[in-house]
Amino acid sequence: MIIHLKSSTSEAEAKVLAEQNKAVLFKDECFVLVTSSKVKEANAALQLAADKIVVTESDIQLAGKPYRADKRTIQVADWSIGGHTQHTVLITGPCSVESEEQIEASAQLCVETGVRVLRAGCYKPRTSPYTFQGLGLNGLLLLDKMRQRFGLRIITEIRDSSHADEVIEYADIVQVGAKAMYDQSVLRKCGKSGKPVLLKRGFGSTLQEFVQAAEFVLSGGNSQVMLCERGIRTFETKTRFTLDLCGAVWLKKHTNLPVIIDPSHAIGFAYGVADLSRASLALGVDGLLIETHPNPAEALSDAEQQLNFDEFRALKNSLSTLATALGRKLI
Ligand code: PEP
Ligand code: MN
C-alpha cells in the first residue's frame, strides 16, 4: 500500500508512522510510506494522516500503473525521456571506453548523427576475470572530457558499490547492468542519488523481479528510473540472449517507467541489431541503446555485436524514416 502523508506531517511524525506500519519512508513532494502489498487496509492513524492511499496488488507498487497512470518523465538537461512525448531517444557508443582516440571518434559519431547520449562502460562486469575490465576512473575522466568538448550526455555503468559514488558523480544517466540488477547496495545508492537511472533486466530475472529491483531505487526517493530490456537467457543458443519483446510490451502496459531496448546485448551479433532496433521502434519504446565501435573487430569487449560507424549511419537513417511513418520522433 502506498500512502501519501498530508503536507502538514512533520518528519518525526512520518518516521513514527513508518515504524508502526513497517513501511519504507521517503520524501517526494510529500512524505510517502510504502508498506507490503499484503496490507490492504489502512489503520485509523494512517487514514487520519493520509492525503492519498493506493492499495496495490503486488510489490510492483511505485512503478505500477495503478499508482501513476502517466509515464514518468526522465529529465536529462533541457530535454526528457518518456512522459507524454512520442520520442525515442537514441543512445550509442562502445561497450567500453578503451582510449581517448576511440571515445573521441565515438563522440564525433554522436555529434554527426544527432545522438545526444554517449554510452560506454568504465567498470565492466566481465564474465572472466582475465579479460579487459575497463579503464575505471581514467575512463570516467575521458567521458567527462567528451561531455565538455561535445556537449553530450553520458551514460555509464556501475558494476558494484565500490565505485558507485564515482560513477554517480560523472554520469548524467547511471546504468545498472544486468549482472548488478540484484545488487541491493548499488540499487540503494542509486535511490539516494539525484541522477536518472537506467536499470537493465537481469538475464535470468522475471519481469516481477526486474520491476521490484526498480522499486528499491524508487522507494529510496529517486523517481527517475528507466527499465531496459536487454535479452534473457532461454534454451536458445544460436543468439547470445533472447530479446523479450513480449516483456517490453508488458512493461509498457503495466508500469509507469520509460522502457528502453538494447538489441545489441540481446542478439550478441551485429548482423541482427538493425532489424531488432526497427522492431523495437515499432513497439513505441522510449529509447534504444546500441553499441558502436570505430573498429568492432578490435574491440576489447563485446566485439561481435558492435556496429561499425557506417552500419550505424545506415541504421539511423532507416530508423528516422520508420519513426516518421510511426508518428514518432527520434531524438
Ligand atoms: C553493457 O551495456 O555493456 C553491458 C555490460 O550490458 P549488460 O549489463 O546488459 O550485460
Ligand atoms: Mn557491452
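User: Where is Lys-22 in this structure?

Analyst: In this predicted model, Lys-22 sits in the loop between helix 1 and strand 2.

User: Is Lys-22 buried or exposed?

Analyst: Lys-22 counts as exposed because its relative accessibility is 75%, and the cut-off for exposed is over 50%.

User: And what about the phi of Lys-22?

Analyst: Phi of Lys-22 is near 50°, which is a positive value in a residue other than glycine. For background, most residues other than glycine have a negative phi.

User: Which other residue has a positive phi although it is not a glycine?

Analyst: Asp-302 is one of them, with a phi of about 50°. Asp-302 lies in the loop between strand 14 (287-291) and helix 11 (309-326). At 17% relative accessibility, Asp-302 counts as buried, whereas Lys-22 counts as exposed.

User: OK, new topic: the metal. Which residues are the protein donors of the manganese ion?

Analyst: Asp-302 comes back here! The protein donors of the manganese ion (ligand 2) are Cys-95 (SG), His-265 (NE2), Glu-291 (OE) and Asp-302 (OD). They lie 2.1 to 2.4 Å from the ion.

User: How are those donors spaced along the chain?

Analyst: The spacing is C-x169-H-x25-E-x10-D. Cys-95 and His-265 are 170 residues apart, so that pair links distant parts of the chain. Cys-95 is in the loop between strand 7 (87-93) and helix 3 (100-113), and His-265 is in helix 9 (residues 263-267). Both Cys-95 and His-265 are buried.

User: Speaking of cysteines, how many disulfides are there?

Analyst: A search of the whole structure finds 0 disulfides. As a reminder, a disulfide is a covalent bond between the sulfur atoms of two cysteines.

User: What lines the largest cavity?

Analyst: Its lining includes Lys-65, Lys-71, Leu-251, Pro-258, Val-259 and Asp-286. The lining residues of the largest cavity divide into 4 nonpolar, 2 polar and 4 charged.

User: Val-259 is in that lining. What about Ala-248, where does it lie?

Analyst: Ala-248 lies in helix 8 (residues 245-254). Ala-248 is in contact with Val-259, Ile-261 and Leu-283, leaving aside neighbours within four places in sequence. At 0% relative accessibility, Ala-248 counts as buried.

User: Last one: where is Asp-244?

Analyst: Asp-244 is in the loop between strand 12 (225-229) and helix 8. Not counting residues up to four places away in sequence, Asp-244 touches Arg-201, Glu-229 and Ile-232. Asp-244 is buried too, with a relative accessible area of 16%. The C-alpha atoms of Asp-244 and Ile-261 are separated by 9.5 Å, and these residues are 17 residues apart along the chain.

Conventions. Residues numbered from 1 in each chain as written. Chains lettered and ligands numbered in written order. Predicted model: local features only at pLDDT ≥ 70, side-chain atom pairs only at ≥ 80, totals over all residues. Heavy atoms only, no water. Helix = DSSP H or I, 4+ residues; strand = E, 2+ residues; numbered from the N terminus. Buried < 20%, exposed > 50% of the residue type's maximum accessible area, 1.4 Å probe, protein only. Contact = heavy atoms within 4.5 Å. Donors = N, O, S within 2.8 Å, 3.2 Å for Na, K, Ca; no water. 1 Å grid on protein atoms, 1.4 Å probe; cavity = no way out; pocket = protein on both sides within 12 Å on 5 of 7 lines; lining within 4 Å. Nonpolar A, V, L, I, M, F, W, Y, C, P; charged D, E, K, R; others polar. Disulfide = S-S within 2.5 Å.
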